[in-house]
Amino acid sequence: MDVDFNGDVACFEAELLQIPEVSPSALKSNPDVARKMFDQWLSLPETASVVKSLLNNAKAGVPLNVTGTSSSPKAASSNSLPSMFPAGSAPPLSPRSSSGSPRFVRQRVGPSTLGSPLKLVNEPVKELIPQFYFQNGRPPPNEIKERCLFRINQFFYGHLDGLQIHEFKLVAKEICKLPSFISSALFRRIDIECMGFVTRDAFVDYWVNGNMLTKDIATQIFTILKQPDLKYLTQDDFKPVLRELLATHPGLEFLQSTPEFQDRYAETVVYRIFYYVNRLGNGHLTLRELKRGNLIAAMQHADEEEDINKVLRYFSYEHFYVIYCKFWELDTDHDFLIDKENLIRYGNHALTYRIVDRIFSQVCVPRKFTSTIEGKMGYEDFVYFILSEEDKSAEPSLEYWFKCIDLDGNGILTRNEMQFFYEEQLHRMECMAQEPVLFEDILCQIVDMIGPENDKYFTLSDLKGSKLSGSFFNILFNLNKFMAFETRDPFLIRQERENPNLTEWDRFAHREYIRLSMEEDAEDASNGSGDVWDESLEAPF
């Protein structure tokens with residue numbers, strides 16, 4: 001058997017030949033000697049038979065055992081390669097890697113065409129990742145879809161021409177699981193052509209095929225209320241919702257004879273919503289802000305609760321009554337605008353002139369006035385002011401007053417800025433024969449109370465991390481609340497602990513509503529039920 005070997009024997013390492021009789025250095029210096037020895041080995045009869053046996057075994061798929069690792073003596077004798085050395089004088093195989101062995105030089109790397117038993121490494125199975133993003137929302141599962149279609153068929157049964165707007169309330173509440181006063185907005189969103197009715201197919205196409213069914217309730221309400229070409233809600237988007245609430249809620253029926261105050265109530269609710277939920281303060285309420293706020297929960301509460309005054313978040317009529325009456329008291333000429341002289345009377349002259357001037361300066365202030373008349377504050381601006389003044393524990397309030405005290409707008413409150421506002425407080429205490437508290441002493445008290453990261457200044461995060469931040473601002477510009485803080489009433493403290501869910505604004509609005517209602521009752525009694533007076537000179541209620 002002729003065996004051609006095209007490898008370069010000179011490239012073999014001398015140590016791999018393992019010939020103790022020949023020096024490795026001699027083999028390196030005489031490559032012809034190594035080639036002659038290898039040719040002599042290939043010419044042996046035993047070599048030809050062994051190579052032919054190995055080839056036959058490889059074709060038959062029998063595992064090769066050329067390294068002597070087989071435990072079978074028979075296999076070892078049949079597959080052992082002939083040696084040109086005497087029996088028993090063959091050196092042991094080298095433990096080195098086989099990469100340099102002549103037996104493995106230039107072997108095929110790819111799969112063997114001779115049926116080699118060596119197992120091929122299977123390519124990893126590609127795992128199919130299910131679709132997780134849907135541009136128009138996730139399609140509903142078939143079971144939920146079929147159940148919803150069954151309910152839709154029940155509601156639209158017998159209404160071949162569709163449902164009118166006054167019949168759509170149950171559809172919004174029972175099928176869509178939305179507050180009932182969203183129904184008119186939902187109806188108009190589907191009835192794009194203003195036909196006056198919504199058919200079954202139109203509703204299925206919008207609610208089921210449009211994948212509204214699988215969206216969360218915040219996304220559903222956001223999609224229904226916003227304009228199609230916008231990615232945010234404006235104040236006008238809430239007007240249809242408030243109109244339907246006023247028309248259908250049993251706790252607001254008494255306002256149906258006074259449309260002017262219906263409008264004022266709706267405006268106040270919208271202003272309160274944007275004060276608390278629209279954290280950027282730009283008038284563009286995003287879906288993220290809507291999800292982070294508590295407006296959806298308040299809507300659901302208002303839909304379930306017959307007493308609207310128990311819905312303390314946004315919708316309470318008593319809260320509106322307090323806000324509007326406080327504004328009416330300050331607006332002496334009833335032009336629906338108040339100036340600095342009007343605002344300084346707020347809370348029995350509780351605020352300092354400097355903080356009022358700062359609010360009206362419109363320079364680096366929390367928000368620009370919506371009023372177009374210079375030096376005048378409109379009703380919306382007053383709503384933001386009174387909510388900030390009476391609930392200094394809320395984050396919008398902290399941001400409001402922080403920007404007022406931050407004269408240079410650098411994001412920190414320094415000693416000089418705080419002293420500038422406290423100087424007037426100190427002067428007012430002296431005028432009232434109160435024992436004045438020096439600024440150095442009050443500054444130490446404030447540092448202990450807030451615990452800022454840096455004692456030299458205060459940041460907004462410092463104030464948000466303290467439960468006494470409201471007192472921080474009262475010390476600087478509200479003397480009445482400052483003195484009340486210094487002489488805390490144990491009875492009020494116990495009340496706060498008994499109702500921890502009530503905010504400072506909730507407690508203030510409750511006290512003021514009782515006071516205002518008692519004053520109105522006393523005024524009605526003094527005038528007599530049959531007397532007639534000029535309503536334009538009286539409070540609006």
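The model is predicted, so local features need pLDDT of at least 70 and side-chain atom pairs count only at pLDDT 80 or more, while totals for chains, interfaces and linings use all residues. Residues are numbered from 1 along each chain as its sequence is written, and side-chain values use heavy atoms, with hydrogens and water left out.

**Annotated span**
- An unreviewed UniProt entry lists residues 393-428 as "domain: EF-hand", an annotation that may be inferred rather than shown by experiment.
- Residues 393-428 are 69% helix and 8% strand, and their end C-alpha atoms lie 25 Å apart; helices (H or I, at least four residues) and strands (E, at least two) are DSSP runs, numbered from the N terminus.

**Helix 20**
- Helix 20 (residues 395-405) is largely enclosed by the rest of the structure, because 9 of its 11 residues are buried, meaning under 20% relative accessible area (1.4 Å probe, protein chains only).
- Among the buried residues of helix 20 are Leu398, Tyr400, Trp401 and Phe402.

**Helix 21 against helix 24**
- Helix 21 (residues 415-431) and helix 24 (residues 469-477) pack at an angle of about 60°, with axes, which are lines fitted to C-alpha atoms over the stretch in contact, 6 Å apart.
- The contact (heavy atoms within 4.5 Å) is made by Met418, Phe421, Tyr422 and Gln425 of helix 21 and Phe472, Asn474, Ile475, Leu476 and Phe477 of helix 24.

**Confidence**
- The mean pLDDT (the predictor's confidence in each residue, from 0 to 100) is 81, and 78% of the residues reach 70 or more.
- Over residues 83-90 pLDDT stays under 50, and the model has 7 contacts beyond four places in sequence for this stretch.
- Where pLDDT is low, the predicted coordinates should not be read in detail.

Terms used. Buried < 20%, exposed > 50% of the residue type's maximum accessible area, 1.4 Å probe, protein only. Axes fitted to C-alpha atoms, helices over the stretch in contact; angles between N-to-C directions.
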